[in-house]
Amino acid sequence: MPLILETIVTTVSPGGALHLVPFGLIREDGVAEAEAYVLAPFRPSPTIENLTASPFFAASSPRDIRVIAGAVTGRRDWPTEPCAAIPGRRLADSFGHAEFEVVAVEDDPKRPRYRTHIRHLAAHAPFIGYNRAQAAVVEAAVLSTRLHMLDPEKILSEMTYLAIAIGKTAGPREREAWDWIEDKVAAALGPDARILGRVNRA
């Protein structure tokens, strides 16, 4: 299995509108770093439409995990800054970002693959350490995008386990991000999907 990096990808529409979305950026083995990354969005996708019009995108590593939780729950208005080497914008509050040009497209009716070349790399803030609650938010965010695909019992089981890390290691931002995701899951599955309070009382 390839390495997949969870990032915030930004593209721009022909009319100049910014599209900001979490994406797993695929790193292929045995390929030089500058050409190793593949973006593979599912159809239909504004990202695909934007890349067709302008074959450039930025991928950022957010410092604030609420960006990922927000993007999957309808909160996409996060500060951005102009890219350095490509047309477009990147997430402002990030540990670092990369700017990509699409150099080849492997078309597919379900999930085309965009092969890329890195045009620019930059670091913006020191990375001091990992946080379990942030990882839990990422996993919960992914689950929340698969509510139509997975059995409700599996979703609730996964959320229950992830809530342990939230209860033990989350700061205010992580708890707010978790609340957004719990709201989304509960809207789909019912009030029993609000896990965190029950886990904290256990």
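Strand 1 (residues 3–12) and strand 2 (residues 18–27) pair in the antiparallel sense, over 10 bridges. This is a predicted model in which local features need pLDDT of at least 70 and side-chain atom pairs count only at pLDDT 80 or more, while totals for chains, interfaces and linings use all residues. Residues are numbered from 1 along each chain as its sequence is written, and side-chain values use heavy atoms, with hydrogens and water left out.

**Exercise 1.** Describe how strand 1 pairs with strand 2 and with strand 4.

*Solution.* 
Step 1. Two strands pair if DSSP finds at least two bridges between them.
Step 2. Take strand 2. In this pairing, E6 stands opposite G24. The two strands form a hairpin with 5 residues between them, and G16 in the turn has a positive phi of about 95°. Most residues other than glycine have a negative phi.
Step 3. Take strand 4 (residues 56–62). Its pairing with strand 1 is antiparallel, over 3 bridges. Here I8 stands opposite S60.

**Exercise 2.** Classify the aromatic pairs W78–W180 and F95–F127, and place their residues.

*Solution.* 
Step 1. Rings of Phe, Tyr and Trp (its six-membered ring) pair if their centres lie within 6.5 Å; planes under 30 degrees apart count as stacked, over 60 as edge-to-face and the rest as tilted. The whole structure has 5 aromatic pairs.
Step 2. For W78 and W180, the centres are 6.4 Å apart and the planes are at 50°, a tilted pair. W78 lies in the loop between helix 2 (66–71) and strand 5 (80–82) and W180 in helix 5 (residues 172–189), so the pair ties together parts that are 102 residues apart in sequence. Both W78 and W180 are buried (under 20% relative accessible area; exposed is over 50%, partly exposed in between, with a 1.4 Å probe and protein chains only).
Step 3. For F95 and F127, the centres are 5.3 Å apart and the planes are at 80°, so this pair is edge-to-face. F95 is in strand 7 (residues 94–106) and F127 in the loop between strand 8 (113–123) and helix 3 (132–144), 32 residues apart. F95 is partly exposed at 23% relative accessible area, and F127 is partly exposed at 46%.

**Exercise 3.** Which residues do ring pairs link into a cluster?

*Solution.* 
Step 1. The cluster consists of Y37, F57 and F100.
Step 2. R27 lies over the face of Y37, 5.7 Å from the ring centre. The rule for a charge over a ring is NZ of Lys or CZ of Arg within 6 Å of the ring centre and within 35 degrees of the ring normal.
Step 3. F100 lies in strand 7 and is buried, with a relative accessible area of 2%. The C-alpha atoms of F100 and H120 are separated by 7.2 Å, although the two residues are 20 apart along the chain.

**Exercise 4.** Where does the cis peptide bond from R43 to P44 lie?

*Solution.* 
Step 1. The bond from R43 to P44 is cis, with omega near -10°.
Step 2. P44 is in the loop between strand 3 (37–39) and helix 1 (46–53).
Step 3. Most peptide bonds are trans.

How values were computed. Helices (H or I, at least four residues) and strands (E, at least two) are DSSP runs, numbered from the N terminus.
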